[in-house]
Amino acid sequence: TNMGNMFSGCSNLQQLRLHSFDTSNVTGMGYMFNGCYALHELDLKNFNTVKVKDMNHMFNDCSMLYELDLSSFDTTSVVNMNSMFANCTHLEKLDVSSFRTPSVTNMNAMFLNCASLQQLDLSEFAVGSNTGKTNMLKGCDKLSKRIVAVSATSATLNSSIGLNFFITRPERLDKIVISGPNGDVETNLSDCEWINGYYKITYPLNASQGSSDVTMKAYDYDGNRLIVANTSNGLLDHSQSATNLELYLTDVLENETLSDEVRLLANRLRLLCTAADGYFNGAIVNYARPNIAPSERDFISDKKMIDETGKCKISVVLNSDTAIRIYYDGEENTADLGGNTLTAKTGKYGKYFEIPDIAAHQLFDDYTITIGGKSVTFSTMSYVQRVLDKGDIGSDLYGVCEMLYAYGKAAYDYNKSLKETT
């Protein structure tokens, strides 16, 4: 049941046809063709690998192989693929489209120094968080034109809510597609910010989408998937970068090297997302309510909307950026905001004027609009005040408003600390 080292060191072997081999009970193929330096033709089309667990260094140093068809391989049981194709320096075509890797724990240096490989479909490769993948694609010189390296993912904490991907742009890249709860976002990176050698792509989210998965894939000019890897030349799971806001915020919260202000901000946003998930999506949620001091409640009460028209009601939209809507039951269709004209829109609940793009650290900011010569002064906290003063303690909406205040305060304090240190 073990074919490990079977042809290892056969340095003068040039051709090998093994289509008649019965390998149905074989469990080990480690180092099977290791060091077959002169081997340029290898037929494994009928290999049955359903029980194989070890393919460690299987083709290592087969430096004269130009083509290898492994499309019949069943790799669902394989645990070790360490250096499987390492130093196959002349290998140009490699078909691993049938590979499934749910059990693999070691992919380190799997394609190391496969300098001639020009294309490789790794979209079906499952790569767990504990799977070794260091230098998996290192030295794949021609393949580098098809590898997108992801430096990091992050979230914007104190302004818009969104997940950020920082990536390189290889020669064959046509477009990046990020998929999430708000549909697909496509870009060719021409409109993306360039930061320290990487392009920054942002996928916007709203507060109720903290646990929703966001996935980034890359495509070439022919619509084929490109390889997505980390900066250590390790393949990412299914050749894509996938995460969600909650995972990122939890990582920030547990990172003790970060400042208390950043960790508090991450925690408050995480709890706001949890509360919003319960209110907007009907999810069953449990979270620690913030301890809002009496002085803070007085501050919120002082944020009550002052409406000289007597015809306004306030609402808040929790998109990537918060928006305030002032519903107006009057004839006027325009309002003035600091010399700028707001034109009324019509929605499900009637006519309204909207203040868009309110960042987290601006949630306490006051706005005054003038409608028909009469002023209306309000802030995001005016809506929070309206809900909290109704006293429906324990309701999902009450919890969202408590967390909206707590998140706004954390963002305000964090932004203030940044200004004090610059």
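Me: Why is Cys62 called buried?
Reply: Buried means under 20% relative accessible area, exposed means over 50%, and partly exposed is in between (1.4 Å probe, protein chains only). Cys62 has a relative accessibility of 0%, so Cys62 counts as buried. This is a predicted model, in which local features need pLDDT of at least 70 and side-chain atom pairs count only at pLDDT 80 or more, while totals for chains, interfaces and linings use all residues. Residues are numbered from 1 along each chain as its sequence is written, and side-chain values use heavy atoms, with hydrogens and water left out.

Me: How many disulfides does the structure hold?
Reply: The structure holds zero disulfides. Cys10 is in none, as the nearest cysteine sulfur, that of Cys36, is 5.2 Å away.

Me: What makes Cys10 partly exposed?
Reply: Its relative accessibility is 30%, and that value puts Cys10 in the partly exposed class.

Me: What makes the contact of Glu186 and Lys175 a salt bridge?
Reply: A salt bridge is a side-chain nitrogen of Lys or Arg within 4 Å of a carboxyl oxygen of Asp or Glu. The N to O distance between Glu186 and Lys175 is 3.8 Å, so the pair qualifies. Glu186 lies in strand S8 (residues 183–187) and Lys175 in strand S7 (residues 175–180), so the bridge ties together parts that are 11 residues apart in sequence. Strands (E, at least two residues) and helices (H or I, at least four) are DSSP runs, numbered from the N terminus.

Me: Which parts does the salt bridge between Arg297 and Glu402 tie together?
Reply: Their N to O distance is 3.4 Å. Arg297 lies in helix H3 (residues 294–301) and Glu402 in helix H5 (residues 396–420), so the pair ties together parts that are 105 residues apart in sequence.

Me: Why is Glu354 called buried?
Reply: Glu354 has a relative accessible area of 18%, so Glu354 is buried. Its salt-bridge partner is Lys345, with the closest N and O atoms 3.8 Å apart.

Notes. Disulfide = S-S within 2.5 Å.
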